[in-house]
Amino acid sequence: MKIKPSKILLGITGSIAAYKSADLVRNLIKQGFTVRVVMTDAATKFITPLTLQTLSKQPVYRDLFGTEIEHINLARWADTILIAPATADFITRLTYGHANDLLSTICLATTAPIILAPAMNQHMWNATITQENCQKLRHRNIKFFGPATGSQACGEIGTGRMLEPSELIQCLQNLILKQSSPIQGKKILITAGPTREDIDPVRFISNRSSGRMGYAIANAAAMRGASVILISGPTALTSEVPTISVNNAKDMLKAVMENVSNTDIFIAVAAVADYRPIQQVNQKIKKKSELLQLDLEPTEDILATVANLPKPPFTVGFAAETNNLDEYAYNKLKTKKLNMIAANLVGNGNLGFDSMDNKLKVFWNDGELELPRCSKTVLADKLFDVIIQRFLDRCTRMKTNPQGNSQI
Ligand code: CTP
């Protein structure tokens with residue numbers, strides 16, 4: 001999804017981290033943002049307005065009492081106000097609605113979102129009054145990027161460093177992506193990783209799934225403002241998305257059914273074991289004979305169960321095939337009654353399981369699309385954009401024809 005660059009009013013206050021603002025301005029412009037700089041008097045002690053004027057190719061604003069009504073003009077102009085660095089003093093003035101310089105007055109006069117990138121000594125940051133002020137600002141929907149933990153200009157090590165310009169830009173882009181996302185607040189349930197079907201207390205049947213693709217899709221969905229729940233089999237990965245860890249297919253089904261109500265999109269990325277041992281033994285099976293026979297029974301098909309609910313969410317399946325990719329994937333789309341399926345070749349030197357890269361072929365009722373080889377993170381992003389497109393398409397069609405086929 002392309003992020004629409006916007007107009008950023010960069011407020012700079014009096015911290016040593018102000019020297020990084022020059023780099024921030026340069027890189028914001030590089031990323032396509034239009035930048036206007038407002039400085040407090042204290043900020044001009046650390047970096048000259050001329051530097052920022054030269055980089056932003058715009059006048060730098062400082063004076064509340066100029067010839068124009070700058071505070072109103074600038075407050076209206078900005079799509080977003082980013083204050084980096086934001087000192088403890090400025091945070092306090094913002095909390096109490098002061099309007100005693102140009103920047104604080106703009107903050108009072110604007111309807112644009114305000115973001116603060118604090119920069120101060122660790123004790124100033126941890127001070128009760130600063131933390132209380134930040135809490136009050138958060139309640140007023142003011143966002144905070146950072147601060148980071150590390151070595152500080154005063155020689156101490158702790159929390160209070162301003163994020164690096166590249167990190168601030170990344171946070172900004174993530175926020176804009178979330179705010180402009182058509183799936184903001186939609187509920188998305190995702191399964192990922194392998195399942196383990198126990199043979200005895202020390203052995204199990206499983207597969208090579210690393211969980212990377214499912215975790216990357218969960219992340220892509222969360223970055224776009226969706227409310228995501230990840231239900232994961234055993235993997236070595238961690239996620240910032242709320243995750244329910246399960247072991248086997250039965251538990252995965254249970255977790256899915258407990259969370260599926262009101263789900264808008266269900267994405268089954270998990271490589272669920274198709275069979276499990278019929279007999280559950282409590283003790284380790286001993287080596288007794290030349291031949292050991294394990295009797296297996298099919299596991300529950302989680303995806304098909306969800307797709308066949310009376311009011312199913314938009315369902316997306318995955319198909320990992322060693323051959324006849326199109327035919328098998330298309331069959332699964334039809335027999336499981338899915339809205340979409342993403343298929344890839346595995347085994348025989350193909351990508352897929354256990355690798356960092358992948359490529360996919362996506363099928364739906366009346367179309368298909370190829371997503372060429374790239375890292376699983378990038379691929380997850382691209383696939384998720386296709387999912388959103390198809391999901392929104394279905395929403396429009398269901399609105400005009402509520403009795404229509406929800407699979408299409
Ligand atoms: N799936 C599931 N529950 C199962 C098995 C599979 O939810 N018990 C989901 C997977 O998460 C994936 C899709 O179904 O989205 C894969 O379909 P499946 O028919 O199981 O594929 P394969 O296991 O590859 O089937 P086959 O071995 O027949 O090719």
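The buried residues of helix 7 pack against helix 4 (88–95), strand 4 (114–118), helix 6 (122–126) and strand 5 (143–144). Buried here means under 20% relative accessible area, exposed means over 50%, and partly exposed lies in between, with a 1.4 Å probe and protein chains only. Helices (H or I, at least four residues) and strands (E, at least two) are DSSP runs, numbered from the N terminus. The model is predicted: local features need pLDDT of at least 70, side-chain atom pairs count only at pLDDT 80 or more, and totals for chains, interfaces and linings use all residues. Residues are numbered from 1 along each chain as its sequence is written, and side-chain values use heavy atoms, with hydrogens and water left out.

Which residues of helix 7 are buried? They are Thr130, Asn133, Cys134 and Leu137. These residues cover an arc of only 100 degrees around the axis, which puts them on the same side of helix 7. The arc is that of the directions from the helix axis to the C-beta atoms. The face turned away from the buried side carries the exposed residues Thr128 and His139. Helix 7 itself covers residues 128–139, 12 residues in total. From first C-alpha to last, helix 7 reaches 17 Å, close to the 16 Å expected at 1.5 Å a residue. That expected span is 1.5 Å times one less than the number of residues. Just after helix 7, asparagine 141 takes a positive phi of about 75 degrees.

Five strands form an open sheet in the order 2-1-3-4-5, with parallel pairing. Two strands pair if DSSP finds at least two bridges between them. Strand 2 (34–39) and strand 5 are the edge strands, each pairing on one side only. Inside the sheet, strand 1 (residues 7–12) and strand 3 (residues 80–86) pair in the parallel sense over four bridges. Leucine 10 stands opposite leucine 82 in strand 3. Helix 3 (residues 70–77) packs on this sheet, touching strand 1 and strand 2. The direction of helix 3 makes about 145 degrees with that of strand 2. Axes are lines fitted to C-alpha atoms, for helices over the stretch in contact, and angles run from 0 to 180 degrees between N-to-C directions. Contact means heavy atoms within 4.5 Å. Helix 5 (residues 102–109) lies across strand 1, strand 2, strand 3 and strand 4, running at about 140 degrees to strand 1.

Strand 11 (residues 227–232) and strand 12 run parallel and share three bridges. There, isoleucine 231 has isoleucine 244 in strand 12 as its bridge partner.

Why is strand 18 largely enclosed by the rest of the structure? Six of its eight residues are buried. Strand 17 (residues 340–345) pairs with strand 18 in the antiparallel sense over four bridges. One of the pairs is methionine 340 with tryptophan 364 in strand 18. Strand 18 and strand 19 also run antiparallel, joined by seven bridges. Here lysine 361 has glutamate 370 in strand 19 as its bridge partner. The two strands form a hairpin with two residues between them.

Now turn to arginine 161, found in strand 7 (residues 157–161). Arginine 161 is partly exposed, with a relative accessible area of 25%. Beyond its neighbours within four places in sequence, its contacts include Lys20, Pro118, Met120 and Ser151. A polar atom of the arginine 161 side chain lies 2.8 Å from the backbone oxygen of serine 151.

Finally, the whole protein. It contains 13 helices and 19 strands. Of its 408 residues, 48% count as buried. The C-alpha trace spans about 90 × 55 × 40 Å along its principal axes.

Note on methods:
A polar contact is a pair of N or O atoms within 3.5 Å; within protein, one must be able to donate a hydrogen and the other to accept it, and residues adjacent in sequence count only if both atoms are side-chain atoms.
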